[in-house]
Amino acid sequence: MTTYGIDLGTTYSCIAYVDETGRAVVAKNAVGEETTPSVVYFESGQSVVVGRAAKNSAMLNPDLVVELIKRQIGQGDARREFHGESHAPESISALILRELARNAEEDTGEPVKDVVITVPAYFGVLERDATRKAGQIAGLNVLDVLAEPVAAALHYEALTEDAGVRHLLVYDLGGGTFDTTVIRLDGGDVQVVCTDGDHHLGGADWDSKIIDYLLNGFTDQHSDLDPGGDEQFVQDLAISAEQLKKELSSTQSRRHNMRFDGSVVQLELTRDGLEELTSELLERTMEITERTIATARDKGVTRFDDVLLVGGMTRTPAVARTLKERFGLDARLHDPDLAVAKGAALFALVQRVKIGMDGEDGPGSGETAQDVADQLGISVEQVETMAAKRVATVVPRAFGLKVVDSKDPVFTTDPDRARELVAHLLTANTELPADTGPQTFYTVTDNQNSVRLEVWEQAGSVASDELAHNTHIGDGMLTDLPLRPAGAPFEVTFFMNPTGLLKVHGREAGSGREVRFEIQIGGLEEAEVREATSAVARYEVSG
Ligand code: ADP
Ligand code: MG
């Protein structure tokens with residue numbers, strides 16, 4: 001059975017598989033395109049449309065069309081209601097996945113079951129888990145979620161000669177998110193050195209700047225009219241703005257005509273003008289790139305063998321030019337729209353081979369390389385190379401415990417009123433699997449017989465101990481502690497496995513009391529996932 005890689009993008013998605021010759025190929029969608037807009041149109045209570053047709057429907061039915069849902073994945077308060085039914089972002093993403101799977105089934109003639117779905121490297125545990133659940137709701141078996149830059153690097157690696165140790169810088173500017181990641185390739189191994197990014201920065205922000213420019217240009221000439229208040233006009237303008245932006249990647253200047261309430265305005269936008277309008281956005285990506293280069297330097301990586309540009313927005317010439325001017329980097333486009341899905345397809349096959357050969361009881365207990373090769377329709381040699389492949393990632397963000405600040409002057413008199421902060425145990429960019437070893441913390445009050453272990457994850461791009469800059473992701477309790485004066489020690493260990501699952505272990509040495517828990521990641525509960533699965537299965541999905 002074939003395995004598939006899915007790039008579930010903020011603005012465009014793509015599905016790929018590995019053919020008999022071992023090459024990753026993209027499955028085309030219903031209208032013959034390789035990428036499908038990540039747009040869902042709730043046509044009725046029974047049927048949804050996904051892709052180009054849905055995007056075009058946004059003009060006529062803005063209230064029934066959902067775009068950029070990836071920006072809300074994992075946010076419990078982002079449900080949307082259509083035709084009397086409420087949908088979490090996971091369900092809406094699942095509808096996109098169903099359409100992609102349907103396209104691949106039509107293309108290959110085989111059912112789509114086992115998949116790897118990619119996520120921005122910078123996604124936290126909540127968003128990763130929500131993406132996995134979206135796959136489940138779509139009726140798919142999610143072998144793993146994989147960081148997009150790692151997928152791009154796997155695809156790059158498959159296309160280049162093995163040349164010993166190499167370091168890559170991946171600059172990925174998509175429709176809604178931005179990531180920079182440094183990756184080390186060594187033989188068949190792929191290892192993330194460090195990663196950084198901003199998941200609210202992408203092509204859609206460039207589009208917004210163009211929309212504002214066009215609207216202002218219109219009202220400059222007709223101050224009595226308010227086209228910005230007309231939803232349909234703005235939707236129309238959004239499509240034109242994206243089109244203008246794309247055209248200005250290959251031409252120097254474009255004219256655009258707008259008609260509203262009988263008045264017509266023609267505006268010109270040049271490539272230089274666009275660069276000026278959006279310079280602050282590009283600058284933000286350069287600051288993050290600078291930070292990534294500095295982190296890599298601290299880890300001993302001082303030069304890059306290749307700089308890969310991934311994501312549709314990297315087609316704007318300003319990206320490569322600025323990377324050259326600012327950092328002397330020679331960047332090149334690397335199959336920017338398809339590399340992630342293709343790399344995910346290669347990884348899905350690797351995972352499937354490993355699952356087959358590992359069996360229930362660990363490596364060696366499963367099927368033989370020959371069996372796996374027969375099942376997957378690839379050679380024994382390919383199976384062996386894949387089984388030996390190691391893909392190592394890093395902790396995407398810092399994780400810690402909520403503690404009371406003992407340095408706060410109030411602490412000595414009234415510890416309950418002292419400042420609360422997050423003490424990070426695991427820092428971003430630690431290689432996975434990661435183990436902090438036992439870290440010592442202290443009780444706050446006399447005779448405190450229990451401790452709540454509140455686990456928080458860094459929320460912004462830079463680690464900070466302020467509660468407001470972190471997200472609460474789970475809890476555990478250390479109970480029945482012996483009665484002792486305040487300041488009694490206990491130990492906490494964080495362990496994160498290679499797929500990003502966090503395990504926490506608390507222990508009080510004197511009494512031997514222990515608590516172990518896996519972080520129960522927030523988001524949809526299992527019953528809600530089951531309910532959403534049947535709700536999504538009831539829809540007829542088309543492109
Ligand atoms: P995502 O994975 O976030 O959905 P993609 O990598 O598919 O994003 O990139 C989509 C973004 O790239 C969109 O904002 C789109 O307008 C932009 N884009 C695509 N082609 C071009 C181009 N030729 N010039 C500039 N921007 C482009
Ligand atoms: Mg992308």
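**Contacts between domains and salt bridges**

Between domain 1 and domain 2, eight residue pairs are in polar contact, both residues of each pair being at pLDDT 80 or more. On the side of domain 1 that touches domain 2, helices α1 (52-57) and α9 (317-327) each supply at least two residues. Helix α9 gives the most to this side, with three residues. By residue class, the side of domain 1 that touches domain 2 comprises 11 nonpolar, six polar and six charged residues. These values come from a predicted model.

The chain as a whole is divided into three parts: domain 1 covers 4-201 + 288-392, domain 2 covers 203-279, and domain 3 covers 399-497 + 501-518. The contact between domain 1 and domain 2 takes 23 residues from domain 1 and 15 residues from domain 2. Taken over C-alpha atoms, the centres of domain 1 and domain 2 are separated by 31 Å.

The size of an interface is often given as the accessible area lost when the parts come together. For domain 1 and domain 2, about 1,400 Å² is buried between them, and 56% of it lies on carbon and sulfur atoms. Of the area that domain 1 buries against domain 2, 35% is supplied by M59, M313 and P317, more than by any other three residues.

Charged pairs also join the two domains: the count between domain 1 and domain 2 is three salt bridges. In the salt bridge between D205 and R71, the closest N and O atoms are 3.4 Å apart. R71 lies in the loop between β7 (65-66) and β8 (80-82) and D205 in helix α5 (residues 203-221), so the pair ties together parts that are 134 residues apart in sequence. D205 has a relative accessible area of 19% and is therefore buried, the limit being under 20%.

The structure holds 38 salt bridges. Another of them joins the side chains of R397 and E127, at 3.6 Å from N to O. This pair links distant parts of the chain, 270 residues apart, with R397 in the loop between β19 (391-392) and β20 (399-404) and E127 in helix α3 (residues 125-137). R397 counts as buried at 3% relative accessibility, and E127 is buried as well, with a relative accessible area of 12%.

The setting of the salt bridge between D414 and R417, at 3.8 Å from N to O, can be described in the same terms. D414 counts as partly exposed at 27% relative accessibility, whereas R417 is exposed, with a relative accessible area of 62%. Elsewhere, salt bridges link D198, K209, E280 and R284 in a network.

How values were computed:
Residues numbered from 1 in each chain as written. Chains lettered and ligands numbered in written order. Predicted model: local features only at pLDDT ≥ 70, side-chain atom pairs only at ≥ 80, totals over all residues. Heavy atoms only, no water. Salt bridge = Lys/Arg side-chain N within 4 Å of Asp/Glu carboxyl O. Helix = DSSP H or I, 4+ residues; strand = E, 2+ residues; numbered from the N terminus. Buried < 20%, exposed > 50% of the residue type's maximum accessible area, 1.4 Å probe, protein only. Domains from an automatic or database assignment. Contact = heavy atoms within 4.5 Å. Buried area = accessible area lost by both parts, 1.4 Å probe. Polar contact = N/O pair within 3.5 Å; in protein donor to acceptor, adjacent residues only side chain to side chain. Nonpolar A, V, L, I, M, F, W, Y, C, P; charged D, E, K, R; others polar.
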